[in-house]
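Okay, thanks for coming, everyone. I'd like to walk you through one structure today, from the overall layout down to a few single residues. Let me put it up on the screen.

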Amino acid sequence: MDDRLDTVFAALADPTRRVILAMLLEDDMAVTDVAEPFEMSLAAISKHLAILTRAGLISQEKRGRVKWCKLEPDALRDASIWMQGFGQFEAVNLDAFERFLEAELAAEPPPAPPP
């Protein structure tokens with residue numbers, strides 16, 4: 001399970017991929033429609049989609065000549081269960097988790113310079 005969690009959290013670490021997931025909350029989308037709001041190449045978006053697919057967060061299927069993306073919300077279940085273990089987070093409240101991590105990182109003293 002640790003490898004799967006690592007893959008999911010690595011996929012969620014990128015803001016572009018989080019935006020893509022939010023877009024797919026609304027409905028399935030063609031890859032070209034997913035790419036439209038971003039100022040990057042279709043190849044770059046395809047790489048983001050491949051990472052999300054490997055993490056199981058989305059699935060992709062070809063319908064005719066168009067490749068479609070679909071959100072797989074059950075993929076967040078293990079991550080949600082893991083976060084609930086901290087007691088501070090609601091299920092799949094990734095915004096709260098991100099704020100918690102930012103606060104923790106801000107509270108840590110900077111590393112000492114090497115001797």
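So, starting at the N terminus, the elements run α-α-β-α-α-β-β-α-α. That makes six helices and three strands. Helices here are DSSP runs of H or I with at least four residues, strands are runs of E with at least two, and both are numbered from the N terminus.

Some housekeeping before we go on. This is a predicted model, so local features need pLDDT of at least 70 and side-chain atom pairs count only at pLDDT 80 or more, while totals for chains, interfaces and linings use all residues. Residues are numbered from 1 along each chain as its sequence is written, and side-chain values use heavy atoms, with hydrogens and water left out.

The protein has 115 residues, and 28% of them count as buried. Buried means under 20% relative accessible area, exposed means over 50%, and partly exposed is in between, with a 1.4 Å probe and protein chains only. A contact means heavy atoms within 4.5 Å. Of the contacts with a separation of 6 or more, 47% are between residues 24 or more positions apart.

Now helix 1, residues 2–12. Which of its residues are buried? Leu 5, Val 8, Ala 11 and Leu 12. Looking down the axis, those buried residues fall within an arc of 130 degrees, so they line one face of helix 1. The arc is taken from the directions that run from the helix axis to the C-beta atoms. If you want the background, an α-helix has 3.6 residues a turn, so residues three or four places apart point the same way. On the other side of helix 1 you find Asp 2, Asp 3 and Asp 6, which are exposed. And what do the buried residues pack against? Helix 2 (15–26), helix 4 (42–54), helix 5 (77–84) and helix 6 (94–107).

Helix 2 can be read in a similar way. Here Thr 16, Arg 17, Ile 20, Leu 21, Met 23 and Leu 24 are buried. They cover an arc of only 160 degrees around the axis, which puts them on the same side of helix 2. Leu 25 and Glu 26, on the other side, are exposed. The cover over the buried residues of helix 2 includes helix 1, strand 1 (29–30), helix 3, helix 4, strand 2 and strand 3.

Thr 16 counts as buried because its relative accessibility is 14%. Beyond residues up to four places away in sequence, Thr 16 touches Phe 38, Met 40 and His 48. Leu 24, leaving aside neighbours within four places, is in contact with Met 29, Val 34, Ile 58, Cys 69 and Leu 71.

Leu 24 also turns up in the largest nonpolar core, which has 23 residues. By nonpolar core I mean a set of buried Ala, Val, Leu, Ile, Met, Phe, Trp, Tyr and Cys residues joined through side-chain atoms within 4.5 Å. Those with the most contacts inside the core are Leu 24, Val 34, Leu 49, Leu 52 and Leu 57. Helix 1, helix 2, helix 3 (31–35), helix 4 and strand 3 (66–71) each give two or more residues to this core.

Are they buried or exposed? Ala 75 is partly exposed, because its relative accessible area is 22%, whereas Leu 76 counts as buried at 18%. Apart from neighbours within four places in sequence, Ala 75 is in contact with Val 8, Ala 55, Gly 56 and Leu 57. Leu 76 and Leu 57 are 19 residues apart in sequence, with 7.2 Å from C-alpha to C-alpha.

One more residue, over in strand 2 (residues 58–63): Lys 62. At 61% relative accessibility, Lys 62 counts as exposed. From Lys 62 to Ala 30 the C-alpha distance is 9.3 Å, and the two are 32 residues apart in sequence.

That's the tour, so over to you for comments.
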